[in-house]
Amino acid sequence: MRLWCSIRCRSRLGSPILLVRRDYTKAKFEVTKFAVGISRNNIQLVDDKAGWRRVIEELKQEKVVGFDTEAKPEFSTSSKTNERKTSPHLIQFSTRKTAYLLSTLNVFENKTEMADLLSQVLTNKAIVKVGFALRQDKETLSNNYGVKL
């Protein structure tokens with residue numbers, strides 16, 4: 001039996017770009033659909049520490065970085081409390097050439113290491129962060145990981 005969490009990444013105009021699904025029985029993300037014009041080679045799914053470190057080093061070389069977070073939907077009062085502790089489940093960064101989808105689930109033993117890596121990009125004043133409706137993303141990262149944007 002597969003338990004899926006689907007995350008639909010959308011363009012600024014609301015059209016779907018790609019669909020990312022997480023199989024909770026295998027603890028793995030996979031990209032299941034692409035919009036026209038996006039190559040699979042330009043989308044990197046990252047679900048380990050080494051990958052996170054590599055991506056952060058690559059992003060630190062950029063002048064402008066796209067940014068967004070995704071979390072699985074919250075449907076009940078009891079799940080909201082738990083979700084706030086673990087969300088976001090996916091952090092997206094993009095450059096002109098590459099989109100990076102970083103899983104936050106089961107990658108780090110503690111939040112501090114992930115927060116330190118994220119801060120290297122998100123608090124770097126030399127990098128312009130671009131996103132759409134980032135207020136909730138900023139609050140989530142600040143409340144759950146102490147990363148201040």
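Visitor: In which sense do β5 and β8 pair, and over how many bridges?

Guide: Strands of a sheet pair through backbone hydrogen bonds, and they do so either parallel or antiparallel. In this predicted model, β5 and β8 pair in the parallel sense, over three bridges, and the bridge partner of V65 in β8 is K129.

Visitor: In which sense do β5 and β6 pair?

Guide: Here the pairing is antiparallel, and β5 and β6 are joined over five bridges; F67 stands opposite F93 of β6. As for burial, five of the seven residues of β5 are buried, so β5 is largely enclosed by the rest of the structure.

Visitor: What is the order of the strands in the open sheet?

Guide: The five strands of this open sheet follow the order β4-β7-β6-β5-β8, and their pairing is mixed. The edge strands are β4, residues 43-46, and β8, each of which pairs on one side only. From one strand to the next, the twist averages 25 degrees. At the β4 end of the order, four bridges join β4 to β7, residues 99-103, and these two strands run parallel, with Q44 standing opposite Y100 in β7.

Visitor: Which residues does T98 contact, once its neighbours within four places in sequence are left aside?

Guide: T98 has its place in the loop between β6 and β7, and with those neighbours left aside T98 is in contact with N42, Q44 and F93. T98 counts as buried because its relative accessibility is 15%, under the 20% cut-off.

Visitor: What span should the 12 residues of helix α3 have, and how far apart are its end C-alpha atoms?

Guide: At 1.5 Å a residue, α3, which comprises residues 111-122, should span 16 Å, and its end C-alpha atoms are 16 Å apart, which agrees. The N-terminal end of α3 is capped by N110, a side-chain oxygen of which lies 3.1 Å from the backbone nitrogen of T112.

Visitor: Which residues of α3 are buried?

Guide: An α-helix has 3.6 residues a turn, so residues three or four places apart point the same way. In α3 the buried residues are M114, A115, L117, L118, V121 and L122. They cover an arc of only 165 degrees around the axis, which puts them on the same side of α3. These buried residues pack against α1 (49-59), β5 (64-70), β6 (90-94), β8 (128-130) and α4 (135-145).

Visitor: What does T140 touch, not counting residues up to four places away in sequence?

Guide: T140, whose place is in helix α4, touches S87, P88 and Y145 when those residues are not counted. T140 is buried, with a relative accessible area of 17%.

Visitor: Which residues are buried in α1, and what do they pack against?

Guide: In α1 the buried residues are G51, W52, V55, I56 and L59. Seen down the axis of α1, they fall within an arc of 130 degrees, so they line one face of the helix. They pack against β4, β5, β6, β7 and α3.

Visitor: How many helices and strands does the chain have, and what share of its residues is buried?

Guide: The secondary structure comes to four helices and eight strands, and from the N terminus on these elements run β-β-β-β-α-β-α-β-β-α-β-α. Buried residues make up 37% of the 149 residues in the chain. Among contacts between residues at least 6 apart in sequence, 53% join residues at least 24 apart.

Terms used:
Residues are numbered from 1 along each chain as its sequence is written. This is a predicted model: local features need pLDDT of at least 70, side-chain atom pairs count only at pLDDT 80 or more; totals for chains, interfaces and linings use all residues. Side-chain values use heavy atoms; hydrogens and water are left out. The expected span of a helix is 1.5 Å times one less than its number of residues. Buried means under 20% relative accessible area, exposed over 50%, partly exposed in between (1.4 Å probe, protein chains only). The arc is that of the directions from the helix axis to the C-beta atoms. Contact means heavy atoms within 4.5 Å. A polar contact is a pair of N or O atoms within 3.5 Å; within protein, one must be able to donate a hydrogen and the other to accept it, and residues adjacent in sequence count only if both atoms are side-chain atoms. Two strands pair if DSSP finds at least two bridges between them. Axes are lines fitted to C-alpha atoms, for helices over the stretch in contact, and angles run from 0 to 180 degrees between N-to-C directions.
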